[in-house]
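Subject: A structure for you to look through

Dear colleague,

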Amino acid sequence: MPKLARIVPLFIAAAAFGCQHAPTAAAPVVLPLSQAGAIAAQWVQAHAMTVAVADSATPGVNRSALAAFAGDARVVGVSELTEGTREFPAVMRHLLFALADSANVRGLAIQGPMPEAMEVNRYVRSGTGDIKRLLRTLGSPRWSTPEMLSLVEAMRDWNRTHGPDKQIGFYGFEIPTAAHAVEVVNSMPDSIAGAPLKAWFRREYPCVLRDEGARFGNGGRAADSTFWRGCGIVATAAVDSIVALRQRVSPSHSAQLAYVEEMARLVQHHVTIGLRYLPREQVNAAHVLFLADLLGPNSKLMLWGGDVEMGRLTLDGTTVQTGVALGKQLGERYRTLAFMFGNGSVRARNGSLSRTGVPSGETSVTVAPPESGSYEDVLSRVPLAAYWVDMRNLPADDGGKYLKGPRDARLITELYSSATPQLFRTPLEFPQNFDGLIFIRRVSATR
């Protein structure tokens, strides 16, 4: 995550100190809000819309209000500022289905690997595959939880009970490597592809994996471009060959080849982006727009990003988030929400150090109460268990200025120590960074 490298050295030092001097926990003191903070809390309460945090709750969110927020946006992004909670996947489920019903959202993309996520997409559309194994292939423990499984199964149930024009897909918007996509294409049975075509794929297609490494080689940009351009010809020819093959084979093989073609187009996109030498945030934005194009010009795509990835901001003046690139390219057709909470516990690596001198394995960690003057401090004063609020039209009074910020908010990924909460916060601004926010009063750690 973008903030992780900044936190780790300080976190380890603080954790080591905490292991030697474990203070007695004191009851938190809730300070009264300032006048401006109290006005801000009143405005939020007047404009907040409730959100369900239970999987079975129906309806989970006001669909017409959420559709109005989405408006003409092509992409709606949600940043999971704090990861490892049981409630957030359920909130995403309710937002997704509300927007699918009212705003033509036809896909959910996580901040995960695109080729492996395509396997999950095939599952939610057709039931193909072992979904627990597929979630593990996404490469992070945060995707292999009962809560995530419940969300994916709910998407599968939705697709079973809705027609072709209402189907929802599951995607990823990063490509650490296209190895899985290459494997899918190269694994076409000889009986379908034919021996000559299979021989060509086995000989030529591995250039994609070689050229991924060429980008970071010693030959410089000229040498790298030579590799990628040569492989670009191969990637395009592969798509053309599979399209032609689909027209010749029997209908019984059509679904299998459609999936192979999908992976081949992903490889072609990957090679094209590799040739452009884009910075990370622009690469991710290109992947997002590739997925949006798959869904069609009139469909919306919903994004699930870690920490502040979907926000229009730059951490420490150097780490540009994907939301910045999407905002520049889409303008008003990009909407983004930030997820925050008040109290509770999260699944993270806490202050205990292993023998190697790094934080130990993930466990349930109690989070320190909101710090005075933070966004969570104000949002916790609203007497609702869970809600979302549109922050695009803040008032011009002191409360509006208070909410506009900049003001600190929690930012917790896989590391956390309640002894040093100041390490896990970052300044935000509304609506400059995010158009709205989702808030849950109390959360529990994911299982």
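Predicted model: local features only at pLDDT ≥ 70, side-chain atom pairs only at ≥ 80, totals over all residues.

Two packed helices are described by the angle between their axes and the distance between the axes. Helix α5 (residues 114-126) packs with α14 at an angle of about 25 degrees, and their axes are 14 Å apart; α5 and α14 are therefore roughly parallel to each other. The crossing in which α5 passes α14 is right-handed. On the side of α5 the contact involves Met-114, Met-118 and Arg-125, which meet His-287, Phe-290, Leu-291, Leu-294 and Leu-295 of α14. Sorted by class, the residues of this contact between α5 and α14 are six nonpolar, one polar and one charged.

Helix α14 (residues 280-295) also meets helix α15 (residues 322-330), where the two axes come within 8 Å and cross at roughly 60 degrees, which makes α14 oblique to α15. The crossing of α14 and α15 is right-handed. From α14 the contact draws on Arg-280, Glu-281, Gln-282, Asn-284, Ala-285, Val-288 and Leu-289, while α15 contributes Thr-322, Ala-325, Leu-326, Gln-329 and Leu-330. In the contact of α14 with α15, six residues are nonpolar, four are polar and two are charged.

Turning to covalent links, how many disulfides does the structure hold? There is one disulfide, and it joins Cys-207 to Cys-231 with an S to S distance of 2.1 Å. Cys-207 belongs to helix α11 (residues 207-214) and Cys-231 to helix α12 (residues 220-248), so the pair ties together parts that are 24 residues apart in sequence. The link of Cys-207 and Cys-231 is right-handed, with 80 degrees about the S-S bond. Are these two cysteines, Cys-207 and Cys-231, buried or exposed? Both Cys-207 and Cys-231 are buried.

Leaving aside residues up to four places away in sequence, Ala-179 touches Leu-209 and Glu-212. The C-alpha atom of Ala-179 is separated by 8.1 Å from that of Pro-115, although the two residues are 64 residues apart along the chain.

Note on methods: Residues numbered from 1 in each chain as written. Heavy atoms only, no water. Axes fitted to C-alpha atoms, helices over the stretch in contact; angles between N-to-C directions. Helix = DSSP H or I, 4+ residues; strand = E, 2+ residues; numbered from the N terminus. Parallel < 35°, antiparallel > 145°, perpendicular 65-115°, else oblique. Left-handed = near helix turned anticlockwise from the far one by under 90°. Contact = heavy atoms within 4.5 Å. Nonpolar A, V, L, I, M, F, W, Y, C, P; charged D, E, K, R; others polar. Disulfide = S-S within 2.5 Å. Buried < 20%, exposed > 50% of the residue type's maximum accessible area, 1.4 Å probe, protein only.
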